[in-house]
Amino acid sequence: MNVLASPAQLRASFLRWALFMVPLVLLVGFFASQFGGPDTAWFAGLVKPAIYPPPVVFGIVWTGLFVLIGLSLALVASAWGAPGRGLALIVFAVHFLVTQSWSAVFFGMQEMGIALMVIGFGIVSLAVALALVWRVRRTAGLLLLPYLAWLCFAAALNYQFIAENPDGGQRGLDGAATKVEF
């Protein structure tokens, strides 16, 4: 017997998925940020591009984007039986996990060029994931558009850091000091 779910059941399914996906996305983002951040002597020594926003902006924007991403994924995950649902979730998961390595590459490894490649992959793979998500739920695709815009801005900012600091900055600076007594 084939019975469609009631509107209340569909809302409940979305809510359950949202209560799982939003915290999951926030948690992945939080853990990724633990592998490198701007509070290093190396980053402090870099020439900041003119388009570099105040540091507080990053936390606010990323938190908002992670909530939108979680809601988008919840819309897709709750679309049981929708063609392409599983593929959309898998492609987005691969995109998201690889893209979250950017902090470790840029701040931790101090490799601005490789970090730009990570963002390039992020933009291309998000475009693919967005197309797949759009086919499952148009609203879910719309929720990912601000994320795509921010990744494009992040790529431009990353490129500007490379242009302003062609030597890559003083690598290996972590703020640690060695005290030698004679």
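## Thr-99

Thr-99 is buried, with a relative accessible area of 6%; the cut-off for a buried residue is under 20%. This value comes from a predicted model. Thr-99 belongs to helix H4. Setting aside neighbours within four places in sequence, the contacts of Thr-99 are Val-118, Gly-122, Tyr-147 and Leu-151.

## Helix H4

Helix H4 runs over residues 85-99 and has 15 residues. From its first C-alpha to its last, H4 reaches 21 Å, close to the 21 Å expected at 1.5 Å a residue.

Thr-99 is one of the buried residues of H4, together with Arg-85, Ala-88, Leu-89, Phe-92, His-95 and Phe-96. These residues lie on the same side of H4 because they cover an arc of only 130 degrees around the axis. What covers the buried residues of H4 includes helix H1 (7-33) and helix H3 (56-77). Helix H5 (102-108), helix H6 (112-136) and helix H7 (138-164) are also among the elements that cover them. On the face of H4 turned away from its buried side are the exposed residues Ile-90 and Leu-97.

## The chain as a whole

The protein chain has seven helices and zero strands, and its pattern along the sequence is α-α-α-α-α-α-α. Its C-alpha trace spans about 85 × 35 × 25 Å along the principal axes.

Of the 182 residues in the protein chain, 36% count as buried. Among contacts in the protein chain with a separation of 6 or more, 83% are between residues 24 or more positions apart.

## The largest pocket

The largest pocket has a volume of about 710 Å³. Its lining is made up of 30 residues, and Phe-58, Trp-62, Trp-102, Ser-103 and Phe-107 lie nearest its centre.

Helices H1, H3, H5 and H7 each supply at least two residues of the lining of the largest pocket. H7 gives the most to this lining, with seven residues. By class, the lining of the largest pocket has 20 nonpolar and ten polar residues, and no charged ones.

## The second largest pocket

The second largest pocket holds about 190 Å³ of space. H1, H3 and H4 each supply at least two residues of its lining. By class, the lining has twelve nonpolar residues, with no polar and no charged ones.

Among the residues that line the second largest pocket are Trp-17, Met-21, Leu-24, Val-25 and Val-28. Leu-73 and Ala-77 also line this pocket. So do Leu-89, Phe-92, Ala-93, Phe-96 and Leu-97. Leu-89, Phe-92 and Phe-96 are buried residues of H4, whereas Leu-97 is exposed, on the face of H4 turned away from its buried side.

## Gln-110

Gln-110 lies in the loop between H5 and H6. With a relative accessibility of 7%, Gln-110 counts as buried.

The phi of Gln-110 is near 60 degrees, a positive value in a residue other than glycine. Most residues other than glycine have a negative phi.

How values were computed: Residues numbered from 1 in each chain as written. Predicted model: local features only at pLDDT ≥ 70, side-chain atom pairs only at ≥ 80, totals over all residues. Heavy atoms only, no water. Helix = DSSP H or I, 4+ residues; strand = E, 2+ residues; numbered from the N terminus. Expected span 1.5 Å × (residues − 1). Buried < 20%, exposed > 50% of the residue type's maximum accessible area, 1.4 Å probe, protein only. Arc of directions from axis to C-beta. Contact = heavy atoms within 4.5 Å. 1 Å grid on protein atoms, 1.4 Å probe; cavity = no way out; pocket = protein on both sides within 12 Å on 5 of 7 lines; lining within 4 Å. Points joined across faces, edges and corners; volume = space filled by probe spheres on them. Nonpolar A, V, L, I, M, F, W, Y, C, P; charged D, E, K, R; others polar.
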